[in-house]
Every structure is written in structure tokens, then in C-alpha cells.
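Subject: Structure for you to look through

Dear colleague,

Please find the structure below, together with some notes to read beside it.

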Amino acid sequence: MFIYKEITFAGYQALSLDLLYVAAALFGIFVIISKNPITSVLYLIGLFLSISVYLMLTGLTFIGLSYLLVYIGAVSILFLFILMLINVRISELLIDSINSIPLAFLLGGFFHYFINYALPYMLRTYNNFLHSFISNIKLANVTSPL
């Protein structure tokens with residue numbers, strides 16, 4: 001098990017990776033609840049940066065660097081440039097968006113439940129079915145009178 005952790009996390013502790021994905025989740029929440037679009041794009045850049053660092057620390061260096069180059073270097077900077085060119089009125093920023101936070105928690109809880117509980121159960125059920133199906137085929141081939 002130690003060798004598996006050593007290879008998977010490239011020598012980094014799981015706690016540092018946990019901190020990175022918590023930071024990414026917080027940046028994602030800040031992107032959604034931020035009222036100013038420019039600060040929202042800055043939070044989006046922080047989100048992409050934390051995801052890129054997470055990928056590089058887990059050993060997926062090429063994907064992390066390409067994520068950094070494509071999303072931060074091109075897409076986010078383009079969003080920031082366009083938002084700075086558009087004249088955003090202060091009255092448009094005063095819209096009350098507090099109603100979307102309970103919906104975000106509800107969808108986040110549903111996603112968490114599905115990924116951590118329902119999906120592994122479905123995969124175990126599918127694996128058991130596949131294993132019994134393959135063993136039945138092998139038994140049928142062994143006992144056939146050919």
C-alpha cells in the first residue's frame with residue numbers, strides 16, 4: 001500500500017492534496033457567489049491554478065501544464081480582457097443573488113452522494129454480474145460435450 005501511495009501521489013502527502021482540492025472547491029464557490037464579474041474571473045483563474053497544481057503534484061505534469069497554458073493563459077485572460085472592455089454598471093452588480101446558494105448546496109450534496117455512494121454500489125453490482133456471467137460461460141464451455 002505504501003508503494004501505491006508513493007507512485008500515485010509522487011511522494012506528496014495526501015494532506016497537501018486535500019488542501020488543494022478544498023482550495024479549488026472554495027474558489028469554485030467564490031466564482032459563483034461573486035457579484036463583480038472581474039473578481040469572479042480572478043477567482044476562476046485561482047480555481048484553474050489550484051487544479052493545475054493538483055494535477056502536477058499527482059504526477060500528471062503534462063496535463064497540468066497544458067491545463068495551465070490553455071485555461072489560464074488563453075481562456076481566463078480572454079474573459080478578463082472582454083470584461084474590462086465592457087462597461088459594467090454598478091446597478092447591475094447590486095442584484096441580490098443570495099437565492100442561488102441553497103440550490104448550490106443541494107446540487108453539491110446530490111453530486112457528492114452520487115459519486116461517493118451510488119456510483120461505487122452500481123459498479124460493484126456490475127462487477128459481480130460480469131464476474132458471474134464470465135464464470136457461467138467458462139463452466140458452459142468446460143462441460144459442453146464437444
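Into how many nonpolar, polar and charged residues does the lining of the largest pocket divide? The lining has seven nonpolar, four polar and no charged residues, where Ala, Val, Leu, Ile, Met, Phe, Trp, Tyr, Cys and Pro count as nonpolar, Asp, Glu, Lys and Arg as charged, and the others, Gly among them, as polar.

Before going further, please keep in mind that this is a predicted model, in which local features need pLDDT of at least 70 and side-chain atom pairs count only at pLDDT 80 or more, while totals for chains, interfaces and linings use all residues. Residues are numbered from 1 along each chain as its sequence is written, and side-chain values use heavy atoms, with hydrogens and water left out.

The chain has six helices and zero strands (DSSP runs numbered from the N terminus, H or I of at least four residues for helices and E of at least two for strands). Of its 146 residues, 18% are buried (under 20% relative accessible area with a 1.4 Å probe, protein chains only, whereas exposed means over 50% and partly exposed lies in between).

The largest pocket holds about 310 Å³ of space, a volume being the space filled by probe spheres set on grid points that are joined across faces, edges and corners. A pocket here is an open set of points on a 1 Å grid over the protein atoms alone, where a 1.4 Å probe fits, with protein on both sides within 12 Å along at least five of seven lines, and its lining residues have an atom within 4 Å of a point. Helix 6 (100-142) and helix 2 each supply at least two lining residues, and the largest share, eight residues, comes from helix 6.

Helix 2 (residues 14-33) also gives the most to a nonpolar surface patch, with seven residues. The patch covers about 690 Å² and includes L26 and F30; its members have over 30% relative accessible area and no salt bridge, with nonpolar side chains joined within 5 Å (a salt bridge is a side-chain nitrogen of Lys or Arg within 4 Å of a carboxyl oxygen of Asp or Glu). Both L26, at 41%, and F30, at 33%, are partly exposed.

Best wishes

Note on methods
Patch = residues over 30% accessible without salt bridge, like charges linked within 9 Å, V, L, I, M, F, W, Y side chains within 5 Å. Areas by Shrake-Rupley, 256 points an atom, 1.4 Å probe, with all protein chains shown as cover.
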